Amino acid sequence: MILEQLIGNLIQGLVLGAIYGMATMGLSLIFGVLRVVNVGHGAFIMVGAFIAWWLFSALGVIPILAIPVALVIGLALGFIFYYSVLRRLIKAPELASLLATFSIGVLLEETAKLIFGSEFRGYNWAVGKITLPMTVLPMTKLYACLGSVLIAVLLYIWFNKTRAGTAMRSVVEDSEGAKVCGVNVEGVYAMSFALGIGLTVVSGVLLTMFIPVGINPYMGGPYTLKAFVIAVLGGLASPYGAFFGGLVFGLIENGSYTLFAFLPGVEPFALTRFFSCMMLLVILLIRPTGLLRAK
Amino acid sequence: MRADPTKYYPLIPVYVAYLAMFLIGSNMTGMWQLMAMLAFYCALGQAFNIFLGMTGYVDFGYVAFLGVGTYGMALGITKLAHVEELGIGIIIIGLALAVVMATLLSLAVGAVALRLRGAYFAIATIGVNEGFRYFIEGAKIWNGSEGMIFTAELNQIFGRETASALSTFWADVLVLIIAAAAAFVTLYYMKSKIGYALTALREDEDAAKVMGIHVTKYKIIAFITSAVFAGLLGASAWALKTPYVFPPEVFEIHYTVEAIIIVLLGGAGTLLGPLVGGLIYGLSKYYLSIVLPGFQLLIFAPIIILIIVFFPEGIVGMLKNRVKGTALEQYVL
Amino acid sequence: MSLLKLDRVTKRFGGLLAVDHVSLEIEAGELIAIVGPNGAGKTTLFNIMSGVFIPDEGRVIFEGRDISRLPPYKRAPLGIGRTFQIPRPFSSATVRENIAIGAMFGTLGKKVSVDESLKIADRYIDMVGLQLHRGKAAGSLTPVEKKMMEIARALAMNPKLLLMDEAMAGMNPKDIDHMVAFLMRIKDEEKISVIAMVEHIMRAVAGLAERVMVMHQGAKLVDAATTEALSDPRVVEVYFGGAPKEFKKNWKKTNGPESDKGTA
């Protein structure tokens, strides 16, 4: 019984993990290039979730088609915040960029509250389900998972095969060196921030395909924390590390939840979150460059 | 250190302000609540400044120290309510518990997180705060997510009238005293080697080490000091004022952010900054909640961004440069 | 007993051998220059001496005591002061406070109060000629002023050994002459041993140090009296590749500070 439930939940965890991974790539990209931790990360996921919800429930647009819309809005938000705020803070002490990104997050949350109110929203896009050995998987979850993998692969190709992608990688490695080699570092910063935000907003759409309920202006908070754990698992500065970190995290989260649920006298949901916080601290301590990355 | 009275002149404007807050609150009808709120924000800023302002490290989990302080007082009151001889001593025990618990937590967090720098430190502190909250809820210690309510115990110990005076008056007085004490410690640190060491490590940690500064030691000193004041603040402004403790509330990250705003607005690392920041933040929050209820955060968020981008030194930081070379110089720090 | 002794210290970064079994002894009151092209391992060697890096092999012995594994903040109070290649002032603090920090945590350490440290700072401010900038934020100084402030800060530590990283990079000839004279003076008046690291301002080296150690690719190439070392064919080879003869004729002309912009 336990085993069956565990395996079932682990399959779900893997599917969710792919989405988690995708939802963290933007955070890692921004940190890798700009050395800025986007503390308002979760708010951008919330923006994506509202885009999916609104398009579906107001206009009947299916979430898959919401992805390009989310990407465009995300890129736009990224460029706006980069040129109005982040550009001026690249050389400032960390305190400045941490607080600025946090404030941007609050601004988005409060704006969402102003527009949509603070109640919980959800939508129901029923497109059937498939039965796997130990669990049942709605097709929407499968689409979300496949979408995440596809986006990760596209990003990989983009990084390695295009000029802009190569420029970005060179800045991650050594921004001074890249500057000397004629890379437009300023442009790469703007591009990376916008792309990071774009990816994050898209991941908000994908997340609602996995969990189509609980859409609310303040839903981002827990995702920010999860994204930190995942990013740290993957080495903080590496988008692919983040993707694999997401897979690992999805497995651990669902696995530990299943096991905690069998413990008497505890609250498994809270304990799972406690567990991921501990994971974060332990990894930061023993291996701040990430578990999945060679030194 | 030999006593040189001019060293302590910068405390004069700070103490005048706190005294004025007390006098306005106790003499003008209807003003006490507002003054109490301002005192809380000033004290919060003053306490957080000792770490954030003096070291430049961003602790996103700062509220956890207020949280454990609240638990310290709550535990003291609920566990010892039946010991009648204690009387007012139970408050002292509660405060002592708050100090001990805040110290222990800051030692534990410091040992782990203060090895990390910059963004890694900030992320770790978020993890600590959330982790601690979910540990309390998940393992169901101290009543787990249900929290603790101890109005009945307070009434039983002190009688209804005294208990009410405790939460509507004495708790706030205590907050003012904590603010004043934190200001004193800030100045004392600034004028001693601790302050010089902290300035050095804030500006350049590696250079500070080569200069002979044991940076970990000084970071821990600032961290514990700041945490102890936060614990005391939680015990008085939260536990005594509103006799309950509820995990999602006492670990709410927005309090940390309010503390950061106050310190930054006033001027990080200055003595007067947290006071100025606390007053401005508290007053504007109060009036915004009357004029535009529910929109405070929507208005604050862009303001913070503007401050960070255009006035990173804060109000007192700018003022300090203005009064340089004038007679006011020794009062503005 | 020598003041500082490096005994076959070695430091690797991944596959790169940054410092390769380097031994060196410096006596009390001696002034030596370490020269070598960029990437020769000089800065790594400095970092091993000041404790920023712990050597993979070999020992660092200071006044007879093995300090190889001692962290930097414990070495400073023993009497090792240093400056940095690119000055690293505590920018928001004033010049006076910066220098006082040196006094507070150096060898005098617990013996001096904050007030006494500030008085000591005043003395070194006068010595390096920064009187007009006493109350200015250190971040607002010019690069040369920052360099002087950093030297004053290191001297205020009252060190027995002063490590100077690229003391003269980016200076014009006049400043270099001043600096050389200044270093000679503090060596004699303050009784401090100095290890000065110089990328390739030979002129300064010739006027400054009695002894030179030349490094190349992480290893010690030559350790000898200055005149001897500078005419050593191996040194010439390292610096000027295949043109030793022209070099010998012209080295004084070609090694003015104009050719040193890359080190600034």
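Modeller: Read along its sequence, chain A then follows the pattern α-α-α-α-β-β-α-α-α-α-α-α-α, which amounts to 11 helices and two strands. This is a predicted model, in which local features need pLDDT of at least 70 and side-chain atom pairs count only at pLDDT 80 or more, while totals for chains, interfaces and linings use all residues. Residues are numbered from 1 along each chain as its sequence is written, and chains are lettered from A and ligands numbered from 1 in the order in which they are written.

Colleague: How compact is chain A for its length?

Modeller: One reads this from the radius of gyration, taken over C-alpha atoms, beside the globule rule, which is 2.2 Å times the number of residues to the power 0.38. For chain A the radius of gyration is 19 Å, close to the 19 Å that the rule gives for 295 residues, so chain A is as compact as a globular protein of that length. Along the principal axes, its C-alpha atoms fill a box of roughly 60 × 50 × 35 Å.

Colleague: How do helices α1 and α8 of chain A pack?

Modeller: Two packed helices are described by the angle between their axes and the distance between the axes. The axes are lines fitted to C-alpha atoms, for helices over the stretch in contact, and angles run from 0 to 180 degrees between N-to-C directions. Here α1 (residues 2–34) and α8 (residues 185–210) of chain A pack at about 165°, with their axes 8 Å apart. That makes α1(A) roughly antiparallel to α8(A), since angles under 35 degrees count as roughly parallel, over 145 as roughly antiparallel, 65 to 115 as roughly perpendicular and the rest as oblique. The residues of this contact divide into 19 nonpolar, five polar and no charged, where Ala, Val, Leu, Ile, Met, Phe, Trp, Tyr, Cys and Pro count as nonpolar, Asp, Glu, Lys and Arg as charged, and the others, Gly among them, as polar.

Colleague: Which strands stand at the edges of the six-stranded sheet in chain C?

Modeller: Strands of a sheet pair through backbone hydrogen bonds, either parallel or antiparallel. Two strands pair if DSSP finds at least two bridges between them. The open sheet of six strands in chain C has the order β6-β7-β8-β3-β9-β10, with mixed pairing. At its edges stand β6 (80–82) and β10 (219–225) of chain C, each with a single partner strand, so one side of each is left without a neighbour in the sheet. Within this sheet, β3 (residues 31–35) and β8 (residues 193–198) of chain C pair in the parallel sense over five bridges, and C:Ile32 has C:Ile195 as its bridge partner in β8(C).

Colleague: Which chains share the most contacts?

Modeller: Two residues are in contact if their C-beta atoms, placed from the backbone, lie within 7 Å. Of the two pairs of chains in contact, chains A and B share the most contacts, with 36 residues of chain A in contact with 36 residues of chain B. On the side of chain A that touches chain B, α4(A) gives the most, with 13 residues, and by class that side has 28 nonpolar, three polar and five charged residues. No contact joins chain A and chain C, whose closest C-alpha atoms lie 10 Å apart.

Notes: Helices (H or I, at least four residues) and strands (E, at least two) are DSSP runs, numbered from the N terminus.
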